[in-house]
Amino acid sequence: MTLCGSALGLIGRTPLTALDRIHPGPGRIVAKAEFLMPGGSVKDRAARAIVEAARADGRLAPGATVVEMTSGNMGAGLAVVCAALGHPLVVTLSVGNSPARARMLEGMGAEVVFVDQVDGQPGQVTGADVAAAAVEAKRIAQARGGFYVDQFYAGEGMAAHRDTTGAEIWEQTGGRIDAWVAAVGTGATFLGVAAALKHERPTLLCAAVEPRGSEPLAGKPITKPKHVLQGTGYGLVPPHWQAELMDLSISVTDEEAERWRRDLACREGLYVGYSGAANVCAASRLLKSGRLAKDAVVATVLCDTGLKY
Ligand SMILES: Cc1ncc(COP(=O)(O)O)c(C=O)c1O
């Protein structure tokens, strides 16, 4: 028998799929199918790494409560990990996130605490909205003596992406890869993979994806804080940002994300969320820009399933 002992064993080792229909050339886009993991998103990896580290060093006692602010995906990842390891989970969620996310979290046994939006609107969650949800999560963790995950400050997320996602991409491409492109929430995915790939090949190009008008990583003033790339583009440089791992920033409009999302579904059979669609849009633009060789390979990530929206 070849078995996974629990859902934890379903996290990681996602397939790398070519996107030749939606981008027939020049070059090739390859994408990690992160939506296939049990929580339905890339955040499963960070969730497992942070909880396992906290259990190992005693910050999280057996059976103790886990508390976190989430746009939905970290919460789902934590729900998977907490179910498998026997921890109650409380998540705070801005009401601006899609109702499908709250339904999934409640269905997975998490206690969901909704937090009013500060300046965003439904479907468009701003940095201030996320900060308000984080304040509430911290308050609940203190009041209940729970472990506060604090994903923006937890270094285990980036390390998990360096040691798993990045290592997997290098292995799955046989080292035949020229660039890495990804949107940034906490930055764990972008930075971890960039660190792993640049360690293998220092000249490999790493491009962050930002919503047009909310591009602090590119050093631009915020002119449009609201956008559809839920889970990313909060209008701030993440706390542990490592500027030396980013070679450029590529901006994507809401209309482009919508169009590429639809094309990914209808032409590739990949029904994913907005950030994944923005990543593919940016990868295609990079390949068409002439900055890379005509046969270049660009890796990116399909962050979550479209069923969450
Ligand atoms: C849909 C989606 N895409 C991308 C990301 C970005 O991931 P990271 O926090 O690793 O930067 C997130 C994070 O929550 C997300 O929910």
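## Polar links across the interface

In this predicted model, 14 residue pairs, both members at pLDDT 80 or more, are in polar contact across the interface of domain 1 and domain 2. A polar contact here is a pair of N or O atoms within 3.5 Å; within protein, one must be able to donate a hydrogen and the other to accept it, and residues adjacent in sequence count only if both atoms are side-chain atoms.

The interface of domain 1 and domain 2 also holds 3 salt bridges (a side-chain nitrogen of Lys or Arg within 4 Å of a carboxyl oxygen of Asp or Glu). Arg101 and Asp304 form a salt bridge, with 3.4 Å between their closest N and O atoms.

## The two domains

Where do the domains lie? Domain 1 covers 7-38 + 159-308, and domain 2 covers 43-148, with bounds from an automatic or database domain assignment. Their centres, taken over C-alpha atoms, are 24 Å apart.

## Buried area

Together, domain 1 and domain 2 bury about 2,300 Å², with 54% of it on carbon and sulfur atoms. Buried area is the accessible area (1.4 Å probe) that two parts lose on being put together, summed over both. Of the area domain 1 buries against domain 2, Leu8, Gln230 and Lys308 supply 33%, more than any other three residues.

## Reading notes

Residues are numbered from 1 along each chain as its sequence is written. Local features need pLDDT of at least 70, side-chain atom pairs count only at pLDDT 80 or more, and totals for chains, interfaces and linings use all residues, while side-chain values use heavy atoms, leaving out hydrogens and water.
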